[in-house]
Amino acid sequence: MFSCNDLALPILGAPMAGGPTTPALVVAVSEAGGLGMLAGGYLTADEFAQRIAEVQALTNAPFGVNVFVPEATASDPAAVASYREVLAPLANTLNTSLPAVTDASDDDYLAKLDAIVDAKPALVSFAFGNPHAEVLQRMHRNGIATAVTVTSPEEALEALANEPTLLIVQGASAGGHRSVHDQSREPNDLDAIDLLPQLMALAAETDTELVAAGGIDSPAAARTLLKSGAAAVQIGTLLLTATEAGTKPAHRAALLAASRDTVVTRAFSGRAARALRNTFIDRMDAHAPAAYPQVNALVAPIKAAAADDPELQNLWAGTGYRACRARTTAAILAPFITELTAAPDTEQDDR
Ligand SMILES: Cc1cc2nc3c(=O)[nH]c(=O)nc-3n(C[C@H](O)[C@H](O)[C@H](O)COP(=O)(O)O)c2cc1C
C-alpha cells in the first residue's frame, strides 16, 4: 500500500477539478518523483475513467485520484431560489439563462468509486466529507491507499475512526474550496502549520501519515511543514500556471499579474473557497447561501458566458499565488527537488 515514504519527492500535486488538472499535469508531477493527483470532481464517471486510463497510458509511475464526498447536510432550496433572483439580472445581461433550482447532484460518486476500484491507482483522496468506513475498506482490500481531507482537529478525529491511510491537512491559506465536512459551518482560520502539532499525536496512534496543504509558495515553506511532522505536502496553486495545466487563460493571466488580494467566498459554488477578488465576488458574496452544489450549478452558465472576463470567473488561488510562474511542471518543481531531497548534511538553512 502507498506510503509517502515511497516518494522520491515528498510532494502531492493537488487534484484541481474544473479544468486545471490534466492527465499531462498528473504525469509530470509523478515523473518528477512526486505523486500526481487526478481530479474527479465535476466529471461523469465515464469521463473520469477515461482520464485515469490516459494517465496509465502515459506513465508507469504511481499516481492518485480524488473524488468529492456527497454533502451530508441538505441545502435550503428557498435560499438557493433567492440567490437565483439576485443572479438573474447578470445572467440577462450576458444573454444566458439560469437553470431551475434542483436537488443536489452526488457527482456520480458511487460510479466513480467503481471506476477507481477497476483502475487501481496508488491512492484515492476524498474532499468535502468523511467517506464511510466501508468505502475505505473496499479501497484497502483492492490495494488502494486512502486519504481524507480535514480542516480541523474534530474532523481529523472523525476521519481517523475509519482508519484512512493518510490525512490531508488543509489549512486556511489553501486555494479553491475548503474541505470543511459540514459546509454550513464557517471555515476556521487555522493553517496546516497550526493544525499539525494538534494532529500529530492523534495520527500517531493509528500510524496515519499527515500531508500538509495550503499556501505553500516556496521550497522553504514546504520544508518547514515537513520538519513540523508532515510526511509530504500537497501543492495546488503553484501548479496552476504550469505549461501542462488546463487552467483557463483569464485565470492564468490574473495569477501572473499578481495584482489582486485573495478572499474566501461562497459566491461561486455555495461552499467556502479562496479566490482572487473580483467584481462577481464584490457583488454576490453577501447574498450567497451555503448551498453546494446547487449554487455551483446556478452560476455555471454565467461563468460559461463570460469565460474571458476575469471579473466573472472563479479565480481560485491560495495566499501564496504571487509565486506562480509560467513554466513547465518540471521547472516549477526543480527548486523543491533541490531543497527537499538534499542529503541532511548539505541542507540549507531555512530562509
Ligand atoms: C483551482 C483549484 C482546484 C482545486 N480542486 C480541488 C479538488 O478537486 N479536490 C481537492 O481535494 N482539492 C482541490 N483543491 C484544493 C487543493 O487540494 C489544495 O488543498 C490546495 O490547492 C492547497 O493550497 P494551495 O493552492 O495554496 O497550494 C483545489 C485547489 C485549487 C487552487
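**Exercises on a predicted model**

Cys324 counts as buried, because its relative accessibility is 3% and the cut-off for buried is under 20%. The structure in these exercises is a predicted model.

**Exercise 1.** Find how many disulfides the whole structure holds, and decide whether Cys4 is buried or exposed.

*Solution.* A search of the whole structure gives 0 disulfides. Turning to Cys4, its relative accessibility is 3%, so Cys4 counts as buried.

**Exercise 2.** Work out the strand order of the open sheet of 3 strands, and name its edge strands.

*Solution.* The order is β7-β11-β10, and the pairing is antiparallel. The edge strands, each of which pairs on one side only, are β7 (176-177) and β10 (262-265). Between β7 and β11 (residues 273-276) the antiparallel pairing runs over 2 bridges, and His177 has Ala273 in β11 as its bridge partner.

**Exercise 3.** Classify the aromatic pair of Tyr42 and Phe68, and then that of Phe268 and Phe280.

*Solution.* The whole structure contains 5 aromatic pairs. One of them joins Tyr42 and Phe68, with 5.3 Å centre to centre and 80 degrees between the planes, and is edge-to-face. This pair links distant parts of the chain, since Tyr42 lies in the loop between β2 (35-39) and α2 (45-58) while Phe68 belongs to strand β3 (residues 63-68), 26 residues apart. Tyr42 is partly exposed at 33% relative accessible area, whereas Phe68, at 9%, counts as buried. For Phe268 and Phe280, the ring centres are 4.7 Å apart and the planes stand at 20 degrees, so this pair is stacked. Phe268 lies in the loop between β10 and β11 and Phe280 in helix α10 (residues 279-284), so the pair ties together parts 12 residues apart in sequence.

Definitions and conventions
Residues are numbered from 1 along each chain as its sequence is written. This is a predicted model: local features need pLDDT of at least 70, side-chain atom pairs count only at pLDDT 80 or more; totals for chains, interfaces and linings use all residues. Side-chain values use heavy atoms; hydrogens and water are left out. Two strands pair if DSSP finds at least two bridges between them. Helices (H or I, at least four residues) and strands (E, at least two) are DSSP runs, numbered from the N terminus. A disulfide is a pair of cysteine sulfur atoms within 2.5 Å. Buried means under 20% relative accessible area, exposed over 50%, partly exposed in between (1.4 Å probe, protein chains only). Rings of Phe, Tyr and Trp (its six-membered ring) pair if their centres lie within 6.5 Å; planes under 30 degrees apart count as stacked, over 60 as edge-to-face and the rest as tilted.
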